[in-house]
Protein chains: 2
Amino acid sequence: MKKVAVILFHDFETLDVFGPVEVFGALKTEFDIHFYSEKGGLVGNSHGVKIDTKPISEISDKPYIFLIPGGFGTREEVNNKSYIESIKQVSIKSEYVLTVCTGTALLAQIGLLDGRKATTNKRAFDWVMSQGLKVNWIKKARWVVDEKYYTASGVSAGMDMALGFLNDRYSEDYAEGLAAKIEYSWHKDKDNDPFGIE
Amino acid sequence: MKKVAVILFHDFETLDVFGPVEVFGALKTEFDIHFYSEKGGLVGNSHGVKIDTKPISEISDKPYIFLIPGGFGTREEVNNKSYIESIKQVSIKSEYVLTVCTGTALLAQIGLLDGRKATTNKRAFDWVMSQGLKVNWIKKARWVVDEKYYTASGVSAGMDMALGFLNDRYSEDYAEGLAAKIEYSWHKDKDNDPFGIE
């Protein structure tokens, strides 16, 4: 089983988390999903969701996928030095790091995207860009891949990226079969963002 | 604020819940979302998700929307007499009842769909049909509306139905604006299910 570690914080965006979790979770024999936060316990958001998490310090092994969602909470977390330092250490040791929406700001803030290509939610582009001045920001993309780093546009784009990740590791048929199973219309062209703002 | 009551049970399908929750949750000033289960406390599924819930007995008011997701857990819950009786009572008093995927089986089992049109996940159609022999099952539909009852096909169809619900209560522009905000390609024609099985 390949470990998927999902990091949460107060006011995460619901679908940034559970879109990719549905995609990876549908492959019950492949992926083992765990939820973490700064201190563990229940972590909530403005949609009334409260998720049980373990402390990030308990990620002692090397996750296959480290998933960083976005949401309004990222605006505070970029200034939470000790938490983003922990997120940095887990990102470094993880085989792949996937961010959705403004989750990219956390990865940019800790410098791991310096000199790399990345994207984010077009509605929050200026703010996220300000968190990583050395990042090669791609404005028109559903998601961007730069070696082990996958960064997606806003909210639902996380599902497209998760399916794109399966496409890259397995095959297009595999990703398409899964999309059909969860009845999701996959935007499979990562360079074409139907929601991009010119 | 309009109350959205979401019912959970062991092994609910992640996106059946959090797709519609993202849609209604994005309207922070309109909808107030609460999660319930048979006995309250943490309710989990095979995707590693554990959600904090209140007991269904605490729904003392009249929800505006009562959301019933699907998932493998429904196969057990259709036989959980006391729980589905509680679900029946809440369904009766709620202004609207929305089901996703095999969640429709719970509503069919308690007889509230008798003589009504409804749909469900096409991959589980035979089993769900067996739970409600007096239901007018519609095989080719993304979602079906019969007065206060909205029933959706599998998983992602729940988001299409939630946006369709906003279309019916507010306007098409309103639903489309929200879909764009969460970067979701809305299948707005409820009669055309791209994932239907002939």
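Author: Let us begin with one residue. At 5% relative accessibility, Val155(B) counts as buried. The cut-off for buried is under 20%. Keep in mind that this is a predicted model.

Reader: Where in chain B is Val155(B) placed?

Author: Look for the elements on either side. Val155(B) sits in the loop between strand S10 (149–152) and helix H6 (157–169) of chain B. Now check its backbone. Its phi is near 40°, a positive value in a residue other than glycine.

Reader: Which other residue has a positive phi, near 55°?

Author: That is Glu183(B), again a residue other than glycine. Glu183(B) lies in the segment after helix H7 (172–181) of chain B. At 0% relative accessibility, Glu183(B) counts as buried.

Reader: Let me step back to a whole chain. How many helices and strands does chain A have?

Author: Count each kind of element separately. Chain A has seven helices and ten strands. Next, ask about its overall form. The radius of gyration of chain A is 15 Å, close to the 16 Å that the globule rule gives for 198 residues, so chain A is as compact as a globular protein of that length. Along its principal axes, the C-alpha trace of chain A spans about 40 × 40 × 30 Å.

Reader: What share of chain A is buried?

Author: Of the 198 residues in chain A, 62% are buried. Surface is a separate matter. The accessible surface of chain A comes to about 7300 Å². Carbon and sulfur atoms hold 48% of that surface.

Reader: What do contacts say about how chain A is folded?

Author: Take the contacts in chain A between residues at least 6 apart in sequence. Of these, 67% join residues at least 24 apart. Now try one case. Met161(A) lies in helix H6 (residues 157–169) of chain A. Met161(A) and Asp189(A) are 28 residues apart in sequence, and their C-alpha atoms are 9.7 Å apart in space.

Reader: Is Met161(A) buried or exposed?

Author: At 0% relative accessibility, Met161(A) counts as buried. Leave out residues up to four places away in sequence, and then list what Met161(A) touches. The list is Leu98(A), Thr99(A), Val100(A), Trp143(A), Tyr150(A), Thr151(A) and Ala152(A).

Reader: Which residues does Pro55(B) touch?

Author: Locate the residue before you list its contacts. Pro55(B) is found in strand S4 (residues 50–55) of chain B. Not counting residues up to four places away in sequence, Pro55(B) touches Tyr36(B), Ser37(B), Glu38(B), Lys39(B) and Gly40(B).

Reader: What about a residue in a loop of chain A?

Author: Gln131(A) is in the loop between helix H5 (125–130) and strand S8 (136–137) of chain A. At 16% relative accessibility, Gln131(A) counts as buried.

Reader: How are chains A and B related?

Author: Superpose one chain on the other and read the rotation. A rotation of 180° with 0.0 Å of shift along its axis superposes chain A on chain B, with an RMSD of 0.0 Å. That is the relation of a two-fold axis. In chain A, the C-alpha nearest the axis is that of Ile51(A), 2.4 Å from it.

Reader: Which residues is Lys28(B) in contact with?

Author: Watch the chain letters here. Beyond its neighbours within four places in sequence, Lys28(B) is in contact with Ser46(A), His47(A) and Met1(B). At 38% relative accessibility, Lys28(B) counts as partly exposed.

Terms used: Residues are numbered from 1 along each chain as its sequence is written. Chains are lettered from A and ligands numbered from 1 in the order in which they are written. This is a predicted model: local features need pLDDT of at least 70, side-chain atom pairs count only at pLDDT 80 or more; totals for chains, interfaces and linings use all residues. Side-chain values use heavy atoms; hydrogens and water are left out. Helices (H or I, at least four residues) and strands (E, at least two) are DSSP runs, numbered from the N terminus. The radius of gyration is taken over C-alpha atoms; the globule rule is 2.2 Å times the number of residues to the power 0.38. Buried means under 20% relative accessible area, exposed over 50%, partly exposed in between (1.4 Å probe, protein chains only). Contact means heavy atoms within 4.5 Å. Accessible areas come from the Shrake-Rupley method with a 1.4 Å probe; for residues, only the protein chains shown count as cover. Copies are superposed by least squares on the C-alpha atoms of residues with pLDDT of at least 70 in both.
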